[in-house]
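Open the viewer and get ready to select residues one at a time. Each stop tells you what to pick and what is there.

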Amino acid sequence: MVKEERAEALDRWIDQPDPGAPGDLVPLLDLAHDLKRRMAPAAATKAARARVWARLQREVRAARPRPGRRSGVLWLRPAYALAGVALAVSLGLGTTAAYASEGSLPGDLLYPVKRGLETARLALSPTPAGDAALLVSFADRRLAEIEALTAQGRWADVDAALASYPDAVVGLETADPAAVEAQLQHHVEVLERVRSQVPAAAQAGLEQALDRADRGRQEAKDRKDRKPKPEVPGRDKKNEATPEALESQDRHRNPRWPGGLPPGQQKKLTPTP
Amino acid sequence: MNEQPQDAELVAKARRGDAGAYGQLYERYFDPIYRYLRLRLEDETDAEDLAANVFLRAYQSLGRYRERGWPFSAYLYQIARNALADHYRGRRSEADLDSVPEPVAPGPGLDENLARDEERVAMERVLTSLPTDHQEVIRLRILLGLSTEATARWMKRSEGAVRVLLHRALTGMRARMQDRSD
C-alpha cells in the first residue's frame, strides 16, 4: 500500500525537480524525467492549429443546411424575404428601420433586414447586368463589414463575416472582368491589412477569404485576357459602375438569369416566351 | 493547464452560435488535445484528423454538455478517447486502444538515433503493458505535463487518488523495465 505522504512527495518533486529529492524517490523521478525527455510530444505547431481549425470550420459549414436549399427556412427565399421586409415595414419598423439597417453589421439586430433588402433588390432586378452590378456592390459591402467589425474588435462577428465572404465573391463571376479584377485586387489589399489585426482563431477564416479573393481576381484576369470586354449598347461610361444606371438601361430587355449566384441569392424566373 | 472559470461562459456563448467563443475554447485546448492524440498515434495527419473530429463532435454536442465540476477540457479528453477507440476500430488495427503502433525506423547509419529510438520503443512497450489507468496517469501527468488538479478532473478522480495512482504507475513501470533489462 502506497502511503499518501510518499505519493504527495513524489508529486511535488515531479513539478519541482531538484537534486535534493529524497533518495528513495530518486529512481522514480529519474524515470519520470526520462519518460518526459524521450516520449513527450512536441507542442502543436501554428500550422497544425490553423489546418485543423480551417478543417473544423469547413465541416461545421458542411454540416449546416445551405441557405439556398433550405426548404424549411422560408425567410431565406427571395419571395419570402420581400414579404418579410414588407411585413416588418407594416408592423411599424417602417422605412426608418429599413434605412437604419443599411449601416448594420453582422451580429446587429437589423442586419437580417439589410440582407433581406439586398435579396429583395436582387429579386427585383430584371436584367443580368443589373444583377451583376448589385452583386459587385454587395461584395464591397461584405468587405466593408469585415473592416468595420475588425475596427470594433468584434471577433466573433468578424469570423461570421469572413465565413460569408467567399459566397459574395462567387457572385462576381457574371460581372465585367476588368472591373472585378481591380475590385478584388483592392479586396486582397484590405484583407491583408485586416490579417495583422485579427486573433489567431480568425486567421483560418481570413486565409480562406484572402484565397477566395485572390482566386476570384485571377479568374477575372483570365476572363479579361481571354476575350474583349463586352460592349453594352447605349451604356453611358459616366454611370457605368452604378447598379441603378445599369438597371435603367436594361429594364426594357427580356430578363435572363446568370448562373453562379451565391447561396441565398437565387431567385425564380418566369420563363421568357 | 489552466482550467479558467470563464470556460462555462464561452460554452454558453458557443451554444448560442457564437463561433468566436468556440474559437477561444479551441485556442485554449487545442494543444493538450492534439498532443494527447500525437501520443497515441504515430501519424501526424491522423492526429490532425482526429483533433478536427474531436472539436467537431464537441461543437455538435455542446447542448448536451453540463459542467457540474467536469471542465470542458475533460469533456474534450473524453471525446478524444472515444474518437481514438473509433479510429482503431475503423482501421481494424490489431492494436487495441492501449497499444502503441510500431515506430518508424530511422535512416541507416544513424546509430545514435537508432539507439535512442530503440530505447523509446522499449519504453513505449513497457508503458502500454501497464494497466490502463496507470498508462493514462503517466501520459497526462508526465508526458503532457498536466497539473495534478487537471489530471484528476480529466480522470474523474480526486487529487489524492491521482498522486497515489502515479506513484504506483511509476513504481510498476520501473519494475517492468528492470525485468526487461535483466
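Leaving aside its neighbours within four places in sequence, which residues is A:Arg217 in contact with? Select A:Arg217 and look around: A:Glu181, A:Leu184 and A:Gln185 are the residues in contact. Contact here means heavy atoms within 4.5 Å.

Before moving on, note the ground rules. This is a predicted model, where local features need pLDDT of at least 70 and side-chain atom pairs count only at pLDDT 80 or more, while totals for chains, interfaces and linings use all residues. Residues are numbered from 1 along each chain as its sequence is written, chains are lettered from A and ligands numbered from 1 in the order in which they are written, and side-chain values use heavy atoms, with hydrogens and water left out.

**Stop 1**

Helices are DSSP runs of H or I with at least four residues, numbered from the N terminus. A:Arg217 is buried, at 15% relative accessible area. Buried means under 20% relative accessible area, exposed over 50%, and partly exposed in between, with a 1.4 Å probe and protein chains only.

Select A:Glu181 next. You are now in helix α9 (residues 177-195) of chain A. A:Glu181 is also buried, at 15% relative accessibility.

**Stop 2**

Side chains of opposite charge can pair when their charged atoms come close. A salt bridge is a side-chain nitrogen of Lys or Arg within 4 Å of a carboxyl oxygen of Asp or Glu. How many salt bridges does the structure hold over all chains? There are 35.

Select A:Arg142 and A:Glu118. Their side chains meet in a salt bridge, 2.8 Å from N to O. A:Arg142 lies in helix α7 (residues 128-152) of chain A and A:Glu118 in helix α6 (residues 111-124) of chain A, so the pair ties together parts that are 24 residues apart in sequence. Is A:Arg142 buried or exposed? A:Arg142 is buried, at 2% relative accessible area. A:Glu118 is buried too, at 2%.

A:Lys114, A:Arg115, A:Glu118, A:Arg141, A:Arg142 and A:Glu145 are linked in a network of salt bridges.

**Stop 3: across to chain B**

Pick A:Arg55 and B:Asp49. They form a salt bridge, with the closest N and O atoms 2.2 Å apart. A:Arg55 sits in helix α3 (residues 46-63) of chain A and B:Asp49 in helix α3 (residues 44-60) of chain B, so this pair joins two chains. A:Arg55 is partly exposed, at 26%. B:Asp49 is partly exposed as well, at 29%.

**Stop 4: two helices in chain B**

Show helix α7 (residues 148-155) and helix α8 (residues 159-181) of chain B. Their axes come within 9 Å and cross at roughly 95°. That makes α7(B) roughly perpendicular to α8(B). Among the residues making the contact are B:Met155 of α7(B) and B:Val162 of α8(B).

Technical notes:
Axes fitted to C-alpha atoms, helices over the stretch in contact; angles between N-to-C directions. Parallel < 35°, antiparallel > 145°, perpendicular 65-115°, else oblique.
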